[in-house]
Amino acid sequence: MGKYLAAVAAMAVLVLGAGPGSAQPPAWSPGPWLDDLAQARAAIETRYANLEWLLTERELDLDALFARARAALGNARSDGEAVAIFNRLVQRIGDGHVGIEWPRPAAAPAAAAPPAVPPPAPTAAGFCRARGYASPSNAAGLAPALSGYAPLGTADPLPAGTIPAAGGRAGILRIAVFDPHGSPELCADAVAALAIPLDRPCDEACDNRIVTHAYRQLGIAMQDRLARLREAGARTLIVDITGNGGGSEWTEAAARMLSRRPLQSARLGFVRGPHWERLWRELAGRLRAAAGGAGAADRARLLGWAGEADAARAEAQRRCPPTGDPACPWLGRAGFATGLVGRAPSGGFAGRDWAVHVFNPAQHSYVDGAWDGPVIVLTDQETWSAAEQFAALLQDNRAALILGARTGGAGCGHTWGGTPTRLTNSGATLALPDCVRFRADGSNEVRGIIPDQLLPWRANDGRAFRARLLEAALPAAIDAAAALYRRSVSR
């Protein structure tokens, strides 16, 4: 923040003029920014979950990357140029969850307040907007541009309809984001159902009540859309997650609604160090506490899982360099993206308060196989994070055909606040992923999801053109999805 204030002071001298005897501002120096650069590199080399991917699959030369940044800083002449150099470095890494956030300049003094005007009456829409509930700009997806599209007539969330396909109808379901915050209607419904007062502060407990209700309604909406698509004659389901930036762990519940076979979640990798050591220690403590009041069978299971958390904690305490040594791999590995349990039938943990600590989909209401039939998932370069998790889970379990373009590549991201690094000079915050989802073939999900059938989509294509390319590819994709489904039900 001090750098911004210095820049403001220098600008004031230029604008107002430096009179006789005025002190000249100190010359700009790259030294403090070079210190930040060294701090950023140390964080990447010790806290970055995707470091092995960066060095091997991405083939990025860290020495060369930081040498170029140091040289550029040496030639820079202002804080603005230094900020641009750091932004380019982050962009060059090419990981959707690596980011840098810069402190905001100090706000100008507020002008004198105008005469008081009575505030407008609070509304549910304004209340929800203030809590971050907003429809994505591309909420409708590709469906309205497809020939013969017949919408179900349902309101948000999850617009759906049918299109002519293979001599019949195919259903198309749009998921714009895997989080109820993408549907202001869900918040407004929760406010009404829970009688939330709009003229009082809404604390954390209030927010939790709203989002819990919203998640429940999101699951109900998905089951409703799937049932209505079947009633409308759809025999193949197309799930459009193009442009979906991610969301939350609800993605695991949503995917399981599209397969009557329980899905096996991705294996979890984590950065060794204090952050994950604490997470595993706290999990073991919660499971042992739950075991104290559980029946004999559940007590045995809970203590067994607590032992797994203890072993994971020990792994987090080890220190291993990113050298590829199989005896001491860079990342620790334990459990799954869903917790210590990677596969369980829906309702398998019903009535158990501790279920979410071992299998996070258990916190949501869903039914395995709410849709029973061929599934196609549409992806593009703007499909990220939890949306990639959804596509990967279905692809790895051979439960859906992925059609479209390779996804952006964000992977697991940050857990429970992650391990951000605050750069000392600039005050910027460098965010680095602290976990990895390992796919069925052992690859890191951060590489992006490669579709089973590729479409020549580009990120800047218009919706109508993308729709024409999709329509040309759909007959073959529907046949392939049907064959995939037949193989899955014959197992």
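Which residue in S7 does Arg-267 stand opposite? It's Phe-336. Before going on, note that this is a predicted model, where local features need pLDDT of at least 70 and side-chain atom pairs pLDDT 80 or more, while totals for chains, interfaces and linings use all residues. Residues are numbered from 1 along each chain as its sequence is written, and side-chain values use heavy atoms, leaving out hydrogens and water.

S6 (residues 267-271) and S7 run antiparallel and are joined by four bridges; strands here are DSSP runs of E with at least two residues, helices runs of H or I with at least four, numbered from the N terminus. Two strands pair if DSSP finds at least two bridges between them. The open sheet has three strands in the order S7-S6-S12, paired antiparallel. S7 (331-336) and S12 are the edge strands, each pairing on one side only.

Helix H10 packs on this sheet and touches S6, S7 and S12, contact being heavy atoms within 4.5 Å. The direction of H10 makes about 130° with that of S6; axes are lines fitted to C-alpha atoms, for helices over the stretch in contact, and angles run from 0 to 180 degrees between N-to-C directions.

H10 (274-291) also turns up in the lining of the largest pocket, as do H12 (386-396) and S12 (435-438), each with at least two residues. H10 gives the most, seven residues.

Finally, look at Val-117, in the loop between S1 (99-101) and H6 (124-130). The C-alpha atoms of Val-117 and Ala-311 are separated by 61 Å.
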